[in-house]
Amino acid sequence: MKLNADGEPTISAALVDESLDGADDYRLASELIGTNAELAVADSCTRITDLITSSDGSVKHAVVTDGMSGGATADRLVIAFDAITVVQGDSNVEVMVNMTPEQLETAPVLNDA
């Protein structure tokens, strides 16, 4: 995050090129916000609600909602951004989270306080 000449904040984030190959829908990391992502090892999904960046602008973490288990909560969970992969399929682009439901259940809860 940087301030422009008018003092307004601008945010940028870097993704590795390999994660975007053929994925025209996600050229910017911010385009992942609001996206449903499937767990790579389960028939479940979660929703990416926010991204957490470091001072140099690189994305370090994603904030997701827990929609995996039968006991879905309103908790926003913090996961490593490198657990997210954009996959080009035969007919569409999918966003995958390389975590099990058990790993997601143990992810830290984002505390807004």
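Author: In what follows, contact means heavy atoms within 4.5 Å. This is a predicted model, in which local features need pLDDT of at least 70, side-chain atom pairs count only at pLDDT 80 or more, and totals for chains, interfaces and linings use all residues. Residues are numbered from 1 along each chain as its sequence is written, and side-chain values use heavy atoms, with hydrogens and water left out.

Reader: Which residues is Ile-84 in contact with, leaving aside its neighbours within four places in sequence?

Author: They are Leu-32, Ile-48, Ala-62, Ile-79, Val-95, Met-96 and Val-97.

Reader: And which residues have the most contacts inside the largest nonpolar core?

Author: Ile-48, Ile-79 and Ile-84 do, in a core of 20 residues. A nonpolar core is a set of buried Ala, Val, Leu, Ile, Met, Phe, Trp, Tyr and Cys residues joined through side-chain atoms within 4.5 Å.

Reader: Which strand gives the most to this core?

Author: Strand β5 does, with 3 residues. Strands (E, at least two residues) are DSSP runs, numbered from the N terminus.

Reader: Where does Val-59 lie?

Author: Val-59 belongs to β5, which covers residues 59-65.

Reader: Why does Val-59 count as buried?

Author: Val-59 counts as buried because its relative accessibility is 10%; buried means under 20% relative accessible area, with a 1.4 Å probe and protein chains only.

Reader: Changing topic, where is Thr-35?

Author: Thr-35 sits in the loop between β2 (9-10) and β3 (36-39).

Reader: What does the side chain of Thr-35 reach?

Author: The side chain of Thr-35 reaches the backbone oxygen of Leu-32 at 2.9 Å.

Key
Helix = DSSP H or I, 4+ residues; strand = E, 2+ residues; numbered from the N terminus. Polar contact = N/O pair within 3.5 Å; in protein donor to acceptor, adjacent residues only side chain to side chain. Buried < 20%, exposed > 50% of the residue type's maximum accessible area, 1.4 Å probe, protein only.
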